[in-house]
Amino acid sequence: MSQTLAIKTDSLSKRFGSVRALDSVSFELPSDSFLSVFGPNGAGKSTLLRILATLARPTSGSAQLFGLNLKEDADSLRSQIGVLSHRSMLFPDLTAYENLLFFGRLYGLESPEYRVNEMLDLVEMTGRKHDAVRGFSRGMTQRVAIARALLHDPRLLLLDEPYSGLDPGAISLLDELLEQIRPGRTFIMVSHDLGHGFSLASHIMVLSRGRLVAFESCQGLNQQQFYDLYHQSIEIGK
Amino acid sequence: MTVEPDQDKQKQIASAVKVKRPSTASQFVTLFARDIRQEMRTREMLSSMGFYALLVLLVLGVALAQADSSFQITSISGGLLWVMIVFTSLLGLNRSFTSEREDGGLEGVLLVPLDRSIIFLAKMAANLVFLLVVEMIACPLFFFFFMSQNAASASIALVVMPLLIGSIGIAAVGTLLATITSGARGRDVLLAMLFIPVIFPLLYAVVSATSVTIANTEALSSAFISSLAMAAGYDVIMLSVSWLLYDFVITD
């Protein structure tokens with residue numbers, strides 16, 4: 001296979017006191033893939049994403065992103081990672097423009113003002129760019145959050161339940177945006193929506209009680225087979 | 001349903017994004033400016049701290065009004081001044097991470113490739129500025145209400161030095177502890193329980209230096225200098241410890 005690896009983890013584990021949030025998770029994900037991660041509450045999905053985003057340290061095990069070690073090269077990797085979560089990661093009292101400019105300057109974009117306007121245009125928020133984020137609807141806030149996540153043109157996008165709390169209009173806009181930004185990028189999305197998550201995915205992962213119980217390519221897998229696989233995996237995980 | 005990718009939009013997303021890692025100083029300025037801008041917009045910390053300082057002054061005024069006429073306030077004025085400053089700062093520190101925690105803004109910052117210690121320095125500098133602004137209003141009022149009837153020493157202007165050194169220490173330790181407690185349940189009580197014991201050596205030194213300055217007629221007495229040196233030493237140690245520990249503290 002000529003496709004290069006975007007992510008390789010080896011026995012990745014995370015403990016919070018006596019609780020094993022992630023238990024020896026190993027997988028390999030090719031570049032430009034879309035991995036949907038499923039599992040019941042407390043399965044370790046968000047913990048896995050937080051570790052890959054360099055927001056949490058693994059207790060043991062290792063991970064490589066684009067050939068770089070997650071622990072040792074965390075600083076270099078951060079410029080290649082974008083995170084979109086159900087939380088906007090914005091400052092509610094600042095305007096959309098001020099928020100994006102703040103992050104643009106921290107990332108060191110060469111012309112942050114130009115890039116910020118470009119991103120606001122992309123998410124169709126130019127008309128509200130000087131309004132405080134606090135006054136935005138959930139869908140509008142999520143659009144600005146998408147602009148924040150894409151500001152530095154990351155190669156890896158980590159999506160932690162990005163559809164949570166969105167109305168149908170905002171969901172289809174997010175779908176459209178994900179489709180637009182998909183080429184040349186690798187995605188990992190945590191989702192509770194089996195149908196939606198599967199429809200976007202090139203690979204699926206099922207976690208249960210912190211353990212990886214299924215990791216498959218979606219090639220040759222239809223939705224019903226996936227549902228069966230999911231439920232069987234969860235049973236095994238119990 | 002699949003959506004046909006729009007070629008123009010795809011170009012827009014990755015339109016020659018040039019990134020050059022900014023200097024530490026420029027990242028510090030960006031973080032510090034955001035804190036100041038946020039506060040100027042909401043005035044959440046300044047108004048609550050300022051109001052609290054005025055309430056403390058009022059309570060002290062009522063208490064001292066009951067005192068015997070022979071009571072010499074200069075002997076305890078250093079302690080009273082620092083009671084006001086410590087509890088006012090505690091109120092501000094409790095609110096210092098509100099905007100960062102509200103919708104995950106802090107995580108957004110942590111995703112940026114930057115030295116985590118810069119986040120500490122910028123937040124500490126902003127907390128120090130807010131504390132000094134409140135002190136600039138509350139301390140003259142303190143002296144006006146409680147010291148104007150008493151014969152204070154000629155060297156009273158030197159009180160600025162323990163105030164400045166004490167405020168730096170409070171901002172450094174407070175920022176570190178506020179980071180630790182900001183995600184915890186019952187963080188207000190937890191911060192107070194950690195903060196007061198940790199700053200006790202600093203508090204002891206600055207209260208001594210302030211009391212000596214107010215009561216003593218001899219400018220730059222040895223007691224003043226030794227107290228100030230102890231407070232400055234505490235600041236250096238705690239700033240270094242906070243700087244070194246911040247990455248560990250802020251990452252899960």
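Predicted model: local features only at pLDDT ≥ 70, side-chain atom pairs only at ≥ 80, totals over all residues.
Local features require pLDDT of at least 70 and side-chain atom pairs count only at pLDDT 80 or more, while totals for chains, interfaces and linings use all residues. Residues are numbered from 1 along each chain as its sequence is written, chains are lettered from A in the order in which they are written, and side-chain values use heavy atoms, without hydrogens and water.

**Exercise 1.** Determine how many helices and strands chain B has, and what share of its residues is buried.

*Solution.* Step 1: helices (H or I, at least four residues) and strands (E, at least two) are DSSP runs, numbered from the N terminus. Step 2: chain B holds 10 helices and 0 strands. Step 3: a residue is buried under 20% relative accessible area, exposed over 50% and partly exposed in between (1.4 Å probe, protein chains only). Of the 252 residues in chain B, 47% are buried.

**Exercise 2.** Classify the packing of helices H7 and H8 of chain B by angle and by handedness.

*Solution.* Step 1: axes are lines fitted to C-alpha atoms, for helices over the stretch in contact, and angles run from 0 to 180 degrees between N-to-C directions. The axes of H7(B) (residues 116-147) and H8(B) (residues 160-181) come within 9 Å and cross at roughly 135°. Step 2: angles under 35 degrees count as roughly parallel, over 145 as roughly antiparallel, 65 to 115 as roughly perpendicular and the rest as oblique. H7(B) and H8(B) are therefore oblique to each other. Step 3: a crossing is right-handed if the near helix is turned clockwise from the far one by less than a right angle, and left-handed if anticlockwise. H7(B) and H8(B) cross in the right-handed sense.

**Exercise 3.** Describe how helix H2 of chain B packs on H7(B).

*Solution.* Step 1: H2(B) (residues 24-42) and H7(B) pack at about 40°, with their axes 9 Å apart. Step 2: the two helices H2(B) and H7(B) are therefore oblique, and their crossing is right-handed. Step 3: contact means heavy atoms within 4.5 Å. Among the residues that meet are Phe28(B) and Leu31(B) in H2(B), and Ala122(B) and Val129(B) in H7(B).

**Exercise 4.** Decide whether Lys14(A) is buried or exposed, and name a residue of chain B that it touches.

*Solution.* Step 1: Lys14(A) belongs to strand E1 (residues 5-16) of chain A. Step 2: Lys14(A) has a relative accessible area of 6% and is therefore buried. Step 3: not counting residues up to four places away in sequence, Lys14(A) touches several residues, including Leu22(A), Arg57(A) and, in chain B, Asp252(B).
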